[in-house]
Amino acid sequence: MVIPNDDTDTVLIQRGKREGEPNVITVNCPDKTGLACDICRTILDFGLYIVKGDVSTDGIWCYVVLWVVPQSSSSKVRWENLKERLLSVCPVCSVSFYLNQPSPCAIASPVYLLTFCSSDRRGLLHDVTQVLSELELTIQRVKVTKTPDGHAVDLFFITDNLELLHTKARQDETYEQLRAVLGESCGFELQLAGPKYENFQYISSLSPSVAEELFRCKIEDNESHAQVLSSDLTKLKKASVTVDNSLSPAHSLLQISCINHKGFLYDIMRTLKDFCIQISFGRFSPVNKGQRELDLFVQKDGKKIVDPEKQDAVCSRLKVEMLHSLRVVITNRGPDTELLVANPIELSGNGRPRVFYDVTLALKNLGICIFSAEIEGSVQQIVIGKFTDSC
């Protein structure tokens, strides 16, 4: 492996020469457990889809090549910002790295409260969410309500991935983009959230049965959740995870197969990260008839995974995360219909990117009105409630 001389060689992005051609992202940096997860999470956060990829490491240095395309033709990808974000998740080549000493802990980003009131319309919440995503403003919490006179009152608690929201230029950019969606007459207020909002009441309590459905962490033996619909919606295909210790003297081979879905690689990588499993070599094959397959040579604590109980734990967890990366429950509370969406989070506290974006987009495409919405960032739970098929 080639050790880069500076940051310009650590992350390289080669844009596709023609429209629709994949862009190639190369990462060449010191290795760490969970690096592939952090890279996949960043790419997913920028609205990109990984077509295929290769990962290899000698335990000290890592080399990753990923072919990516925008998930939507209308997506606006800030490629230079993507490079900076990828650099931020890569371990730095420093004295502390060579001495195997921990790097200084990152300081938490300040939380800002964005408040505005505007005339409500179908798809408004998604349009605002899309603007914030394109500006690289991460939504931590949301409180959205609709007034009797047809206005929407929105509270967005956000952090800035660029750490520039304290500047007038960054604030003006945010206002300008939001006005393009909400109109010139809409007023905004942006301020540091402060301690008075720490105990702000969000999602109401869930019934035990709903909580069990949203947050259970394993598949029941007698249920059909071990299967998912194929792309033609007529066949069911199972997720498959096997461990093979016969092909390598030092590594276990994980063979994974499942229906392809958004964030497929991230779901796998974050699961392995939570198990502290190191990937020594991996190949992500292109999608074949809606099916995604990949082979990963892995170690845990520098050894094969030979304990049958540990193998079963890893395989079962991977199946759950591939088939239930998002938990969706529709429930009635009196006259209202509520849609609750939750997803697991990494042990580090990071949740799956752009979940709120995807949910609001789906409801907009279905023509469903959102009368209120809440998101609790600490558990990455999204609640969208009180919706009907017509406004």
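Where is Cys276 found? Cys276 sits in the loop between α8 and β13, and the legends below work their way around that part of the chain. This is a predicted model, in which local features need pLDDT of at least 70 and side-chain atom pairs count only at pLDDT 80 or more, while totals for chains, interfaces and linings use all residues. Residues are numbered from 1 along each chain as its sequence is written, and side-chain values use heavy atoms, with hydrogens and water left out.

**View 1. The whole chain, before zooming in.** The protein chain has 10 helices and 18 strands; these are DSSP runs numbered from the N terminus, with helices (H or I) of at least four residues and strands (E) of at least two. Of its 391 residues, 47% are buried. Buried means under 20% relative accessible area, exposed means over 50%, and partly exposed lies in between (1.4 Å probe, protein chains only). The chain's accessible surface is about 19,900 Å², and 53% of that belongs to carbon and sulfur atoms; the areas come from the Shrake-Rupley method with a 1.4 Å probe, and for residues only the protein chains shown count as cover. Now look at contacts between residues at least 6 apart in sequence: 67% of them join residues at least 24 apart. Contact here means heavy atoms within 4.5 Å.

**View 2. An open sheet of eight strands.** Read across the sheet and you get the order β1-β2-β4-β3-β13-β14-β12-β11, with antiparallel pairing. Two strands pair if DSSP finds at least two bridges between them. The edges are β1 (11-14) and β11 (240-244), each with a single partner strand, so one side of each is left without a neighbour in the sheet. From one strand to the next, the twist averages 25°. Strand β3 (residues 48-57) and strand β13 (residues 277-284) are joined by four bridges, in the antiparallel sense. In one of these pairs, Gly53 has Phe284 of β13 as its bridge partner.

**View 3. Two helices resting on that sheet.** Helix α3 (residues 79-89) packs on the sheet and touches β1, β2 (23-30), β3 and β4 (61-70). The direction of α3 makes about 155° with that of β1. Helix α8 packs on the sheet too, touching β3, β12 (252-259), β13 and β14 (291-300). Its direction makes about 20° with that of β14. Axes are lines fitted to C-alpha atoms (for helices, over the stretch in contact), and angles run from 0 to 180 degrees between N-to-C directions.

**View 4. Helix α8, well wrapped up.** How many of the residues of α8 are buried? The count is 11 of 11, so to speak a helix that is mostly covered. Among the buried ones are Phe264, Tyr266, Met269 and Lys273. The buried residues of α8 pack against α2 (35-45), β3, β12, β13, β14 and α9.

**View 5. Where α8 meets α9.** Helix α8 (residues 264-274) and helix α9 (residues 308-323) pack at about 145°, with axes 9 Å apart. The crossing is right-handed; that is the name when the near helix is turned clockwise from the far one by less than a right angle, and left-handed is the anticlockwise case. On the α8 side, the residues taking part include Phe264, Ile268 and Leu272, and they meet a set in α9 that includes Val314, Leu318 and Met322. By class, this contact has six nonpolar, one polar and five charged residues. Ala, Val, Leu, Ile, Met, Phe, Trp, Tyr, Cys and Pro count as nonpolar, Asp, Glu, Lys and Arg as charged, and the others, Gly among them, as polar.

**View 6. A closer look at Thr271.** Thr271 belongs to helix α8 and is buried, with a relative accessible area of 0%. Setting aside neighbours within four places in sequence, Thr271 is in contact with Arg317, Leu318 and Glu321. The C-alpha atoms of Thr271 and Glu346 are separated by 7.7 Å, although these residues are 75 apart along the chain.

View 7. Most residues other than glycine have a negative phi. Just after α8, Cys276 takes a positive phi of about 55°, and Cys276 is not a glycine. Cys276 is partly exposed, at 42% relative accessible area. Asp301, in the loop between β14 and α9, has a positive phi near 60°. Asp301 is exposed, with a relative accessible area of 60%.
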